[in-house]
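This report describes selected local features of one protein model. The sequence and the structure come first.

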Amino acid sequence: MALSPLSAVSPVDGRYHPTTQTLSAYFSEAALIKYRVYIEIEYFIALCQIPLPQLQNFDKALFAGLRNIYIDFTEADAEAIKQIEKITNHDVKAVEYFIKQKFDALNLEAYKEFIHFGLTSQDINNTAIPYSFKLAMEQVYLPAITEVIDQLKTYATDWANIPMLAHTHGQPASPTRLGKEVMVFVERLEAQLQLFYQIPYSAKFGGATGNFNAHNTGYKAIDWKTFGNNFVNETLGLKRSQFTTQIEHYDNFAAHCDNLKRINNILIDLDRDMWTYISMNYFKQKIKAGEIGSSAMPHKVNPIDFENSEGNLGIANALFEHLAAKLPISRLQRDLTDSTVLRNIGVPVAHTLIALKSTMKGLGKLLLNEPALNAHLEANWAVVAEAIQTILRREGYPNPYEALKDLTRTNTEINAQTIASFVETLQVSDNVKDEIRQVSPSTYTGI
């Protein structure tokens, strides 16, 4: 059976393919091969620009043609490299041989031994992978998380003056405003994004064991460290790690994973709160013709988008946690365990993208149900006890906390009349009584 969304083992490429297909350009096998070709070509061009003695006569007008090798890279090209790999049993060497074939076709045979000059495969992998990861973050992930934040900001503004009963420990607590509670998530997400922006996309580039051994042996007069820094930092837009083994140490990539996991935890918190508000009838959901909420109960409109998001965020976090814990650990100058793990970088990003789209869908369905919020406030007059005892403290009233505790910490209903009757018993001025009478669950919302 040919691979299709119906035959894919992973739901990332199956059920959720319409949502995740944009990530194929960054994390698929073909994408990885293309970015390897990109690194090899740009590296060769950088060698020409030194120039190495054997490359000083290379016609710079040919650079555009070389770049077209990766700009016009096709699935057929990727398949051709996979066919070479069947012989070499080495994926990066297959890329080198493919480019050499392209040089032959361009009548550049005299220069092709400077393709992959002095490098090991990890100089290619440890630049191609962070480069593609960086592009995916900038072009797919960050727009998606920004869309969620922008929607939350809109709701925070729209609902800025909507009073709502707060709940601490699941019990009625001092009232708040719905818009402010939404802003809690905006602030948390934006704070974590600011940290995310500060983490470099680190890359290893320094030859077999990180010391430019081959480079230095061939051309001692060249400052290869400066060359490597310029190539990685300026040409590729990454940050070259200065002291490495054969591989990148992945510490900054682990920081990216940890940061993405924290953002996902905030989103899980948001999903659960929205789910709970819907269950409390604070929100109703827009109904789409033809949709079914339950195969048995026709009336149901389930908060499935927030549930879908929560589930996918959990899977993403499990993988981010493993990547962050495993990748910085390698035996001596390297082992191969990072190689197979790195191939899965796109998987947690995909589950995160699924979650972000689901959260957005859920947020888009929300219909504010003010009568339910108001009814809940009116049914919980006991929450103004904090306000009353604070005013009484200010006035020097004896044992105000205890007086309000005796009034409200019971199993009997506390309503507006109960509070009004209590106020009449207080030995305070009429002005203070009037002040207390202005306090209600819907007005006691702070600043």
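## Basis

This is a predicted model, in which local features need pLDDT of at least 70 and side-chain atom pairs count only at pLDDT 80 or more, while totals for chains, interfaces and linings use all residues. Residues are numbered from 1 along each chain as its sequence is written, and side-chain values use heavy atoms, with hydrogens and water left out.

Helices (H or I, at least four residues) and strands (E, at least two) are DSSP runs, numbered from the N terminus.

## Pocket and cavity

A cavity is a set of points where a 1.4 Å probe fits but cannot get out; a pocket is an open set with protein on both sides within 12 Å along at least five of seven lines; lining residues have an atom within 4 Å of a point. Grid points are joined across faces, edges and corners, and a volume is the space filled by probe spheres set on the points.

The largest pocket holds about 1200 Å³ of space. Its lining has 44 residues, and those nearest the centre are Ser 24, Phe 27, Ser 28, Glu 29 and Ala 30. Two or more lining residues come from each of helices H1 (17–20), H2 (24–27), H3 (29–49), H5 (75–88), H7 (121–158), H13 (337–342) and H14 (346–365). H3 supplies the largest share, seven residues.

Over the whole structure, one cavity of 30 Å³ or more is found. The largest cavity holds about 140 Å³ and is lined by 14 residues, with Ile 129, Pro 130, Ser 202, Tyr 250 and Phe 253 nearest its centre. The elements that give two or more residues to this lining are H7 and helix H11 (251–279), and H7 gives the most, five residues.

In helix H17 (residues 400–408), Pro 400, Leu 404, Leu 407 and Thr 408 are buried (under 20% relative accessible area with a 1.4 Å probe, protein chains only; exposed is over 50%, partly exposed in between). These buried residues line one face of H17, because they fall within an arc of 80° seen down the axis (the arc is that of the directions from the helix axis to the C-beta atoms). They pack against helix H16 (385–394) and helix H18 (416–425), where contact means heavy atoms within 4.5 Å.

The buried residues of H18 are Ile 419, Phe 422 and Val 423. They cover an arc of only 105° around the axis, so they sit on the same side of H18. Their packing partners are H16, H17 and H19. At the start of H18, a side-chain oxygen of Asn 415 comes to within 3.1 Å of the backbone nitrogen of Gln 417.

Pro 163 has Arg 177 in E2 as its bridge partner. The hairpin has two residues between the strands, and His 169 takes a positive phi near 60° there.

Thr 445 lies in the segment after helix H19 (430–437). Leaving aside neighbours within four places in sequence, Thr 445 contacts Pro 163, Pro 175, Thr 176 and Arg 177. The side chains of Thr 445 and Arg 177 make a polar contact at 3.1 Å (a pair of N or O atoms within 3.5 Å; within protein, one must be able to donate a hydrogen and the other to accept it, and residues adjacent in sequence count only if both atoms are side-chain atoms). Thr 445 counts as buried, at 10% relative accessibility.

## Single residues

Leu 66 lies in helix H4 (residues 63–71) and is buried, with a relative accessible area of 0%. Not counting residues up to four places away in sequence, Leu 66 touches Ile 41, Phe 44, Ile 45, Phe 58, Phe 103, Leu 106 and Leu 108. In the loop between H3 and H4 lies Pro 51, joined to Ile 50 by a cis peptide bond with omega of about -10°.

Tyr 250 has a positive phi near 65° and is found in the loop between strand E4 (239–240) and H11. Its relative accessible area is 4%, so Tyr 250 is buried. Phe 212 also has a positive phi, about 55°, and is placed in the loop between strand E3 (202–203) and helix H9 (213–218).

Key: Pairing = 2+ DSSP bridges.
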